[in-house]
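Dear colleague,

Please find below the structure that I am handing over to you.

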Amino acid sequence: MKILLLGGTGTLSYEVLKNSLEKGYDVSILNRGNNNTHLNNIKTYIADLKCTDTIEKVLKEDSFDVIVDFFSRVRQDINNLFPILSKRCKQYIFISSACVYCRDNVNKTPITEITQKPNPLWDYNIHKYEAEQALINLANNSSTYYTIVRPYITYNNARIPLGLTPSYRYHRTIIERIRSGKPMFLWDDGGVYCTLTYNTDFAKALTGLYLNPKAKNEDFHITSDFRYTWKEVLLTIYKELNQTPNFINIPTAKIIKSLPEYKGELIGDRSLNAIFNNKKIKEAVPNIEFKTSLNEGIKKILSFYENNTKYEYDYKYDARIDKLLAISGVKNLHYIPYPNCDKKSRILYNLYRYLPLKIANRLVFIAK
């Protein structure tokens, strides 16, 4: 079976790449080539996925059984890519998001694939849903069939599944923040539920949908059976780090006033219950198992960071959290040089700690 992944180097797509190879499939990737140095013996097509001419040029006459689209974010991405790529595959799998489902912070009824969509509280949700609808409409006039897959919060060895996090490459910031004694925070007492899925579990389920008759023109969320309140998540991180819990509760309204960059993510997702009924994916891929609990996942993350010296810190995140906590009454918060941080970290921290966000962003942009 020939598989083409649009991406291939991200949290989800790299694990799907590995699992596809383990199953003996002929796997290629199509991306811009910026993060491919760790890939060995993988056929790679280098193109700008925003530029359809470059895609046509590099693919030439090549065709595939399945194409998995980790790239598309909005309707126009699908409108650009599907007409070109559908001519080259039997099945087109679009990675959407389980954030598209309507939810609230009270109802704990498990979400199914027929739950109302879209969730209007975050632009990201709306854009993903619009992309789904574009795909369905285009596939109706195509010989290629679609499969829509909706992951929720999916994490790996380098990504801590906390509600509001640093940029993906900088999650060690959370570890050192907690170890240093700096407090963390929860929104609205951390009482809503989330579902967390380890990326290896996600990948096994996704590859089980390749040319699967039950996946023809169907949609699935792929989420684990492990659900926790956000308070339980944070307490687990403290426990695995052997640290005494040190956090405060802050109302969502106060957080988004202080950290407006997190407004959509918080009110449109993290402050809402996310519990899923996994019956449909389990019927389509009967042999899948969601094995990795949060305790096991956090242990893997800590082991990864203990054995990996190539890491960076997000001092913008650290400063923004300190600013929020200071406004909420926490005293004596200041810059702390975490192990092996670079010389610019203090400057970055001070910019985002003491200046308005727009001014700090502008100064950092000019400095680049």
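The largest cavity holds about 30 Å³ of space. Please bear in mind that this is a predicted model. By the rule applied, the count is 1 cavity of 30 Å³ or more. Its lining is formed by Ile160, Ile175, Ile237, Leu241, Ile298, Ile301 and Leu302. By class, this lining divides into 7 nonpolar residues, with no polar and no charged ones. Helix α11 provides the largest share of the lining, namely 3 residues.

Helix α11 also packs against another helix. The axes of α7 (residues 230-240) and α11 (residues 294-306) come within 10 Å of each other and cross at roughly 45°. That angle makes α7 oblique to α11. The crossing in which α7 passes α11 is right-handed. On the α7 side, the residues in contact are Glu232, Val233, Thr236, Ile237, Lys239 and Glu240, and they meet Leu294, Asn295, Ile298, Lys299 and Leu302 of α11. Sorted by class, this contact has 5 nonpolar, 2 polar and 4 charged residues. Three residues deserve attention here: Ile237 of α7, together with Ile298 and Leu302 of α11, takes part in the helix contact, and Ile237, Ile298 and Leu302 are also among the residues that line the largest cavity.

The contact brings Arg75, Ile78, Asn79, Phe82 and Pro83 of α3 against His127, Glu130, Ala131, Ala134, Leu135, Leu138 and Ala139 of α4. Its composition by class is 8 nonpolar, 2 polar and 2 charged residues.

Finally, I turn to the pockets. The second largest pocket contains about 150 Å³ of space. The residues lining this pocket are Asn19, Lys23, Lys204, Gly208, Val285, Asn287, Ile288, Glu289 and Lys291. They divide into 2 nonpolar, 3 polar and 4 charged residues. The charged members of this lining include Lys23, Lys204, Glu289 and Lys291, while Val285 and Ile288 are nonpolar.

With kind regards

Technical notes
Residues numbered from 1 in each chain as written. Predicted model: local features only at pLDDT ≥ 70, side-chain atom pairs only at ≥ 80, totals over all residues. Heavy atoms only, no water. Axes fitted to C-alpha atoms, helices over the stretch in contact; angles between N-to-C directions. Helix = DSSP H or I, 4+ residues; strand = E, 2+ residues; numbered from the N terminus. Parallel < 35°, antiparallel > 145°, perpendicular 65-115°, else oblique. Left-handed = near helix turned anticlockwise from the far one by under 90°. Contact = heavy atoms within 4.5 Å. 1 Å grid on protein atoms, 1.4 Å probe; cavity = no way out; pocket = protein on both sides within 12 Å on 5 of 7 lines; lining within 4 Å. Points joined across faces, edges and corners; volume = space filled by probe spheres on them.
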